[in-house]
Amino acid sequence: MPMQALNYGAIGSVIGHEITHGFDDTGRQSDLNGNVDNWWKPNTLKAYIERSECFANQYENYSVIIGEEVFKVSGTNTLSENIADNGGLRQAFEAYKLYTTRHGVERSLPGLEEYSPNQLFFIAFAQIWCGSYTDNSLKQQLTMGVHSPNEFRVRGSLKNFEEFYGTWNCHRKPLEINDTADRSQTCRIW
């Protein structure tokens, strides 16, 4: 049987990402039948908007140097996707914890015994976003894209997830390369 930590960390995070879209700044505007309808109570909407500003501000502080130019991530353009990345990671980890409660802690993978199953979960999450860009495609992603560059999809989500730090027994600083945001602040909606 394959190691479930890898499945939950990779495809579980993607599934959780897609489900979270149903409750992001776009998905929240449609009811259960897909009709445009503001079905949230005013206090729920207000809290959501306040919490989503944290994500917009966090991702606005990520930047990439291409040639001699600095390009910042647009926290506004990428807001829905950033919320979904964070929510997907959180929900996948909760689902994996439920799996281990029901089936027990998994054994280590041969050859990777130095990593716990929880650590492998986070490795699998980060690995799904491995990729490269040409300079032009990265510029386009940063100026017009709705997704943050892959590096920040990982760093941004992990920065906001306390369980990551506990699993790796580390502090927040190592994740914050190219991040000028308040290091003590974490963002969470759900």
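The points below take the ring pairs and then the cysteines.

1. This is a predicted model, in which local features need pLDDT of at least 70 and side-chain atom pairs count only at pLDDT 80 or more, while totals for chains, interfaces and linings use all residues. Residues are numbered from 1 along each chain as its sequence is written, and side-chain values use heavy atoms, with hydrogens and water left out.

2. There are 18 aromatic pairs in the structure (Phe, Tyr and Trp rings, the last by its six-membered ring, with centres within 6.5 Å; stacked under 30 degrees between planes, edge-to-face over 60, tilted for the rest). Trp 40 and Tyr 48 are edge-to-face because their planes stand at 70 degrees, with the centres 5.2 Å apart. Tyr 48 is buried at a relative accessible area of 3% (buried is under 20%, exposed over 50%, partly exposed in between; 1.4 Å probe, protein chains only).

3. Phe 164 and Tyr 165 also pair edge-to-face, at 5.4 Å centre to centre and 85 degrees between the planes. Both residues are buried. They belong to a cluster linked by ring pairs, whose members include Tyr 8, Phe 93 and Trp 168.

4. The structure has 1 disulfide (cysteine sulfur atoms within 2.5 Å). It joins Cys 54 and Cys 187, with the sulfur atoms 2.1 Å apart. The link is left-handed, at -75 degrees about the S-S bond. Both cysteines are buried.

5. Cys 130 is in no disulfide, and the nearest cysteine sulfur, that of Cys 170, is 18 Å away. Cys 130 counts as exposed, with 58% relative accessibility.
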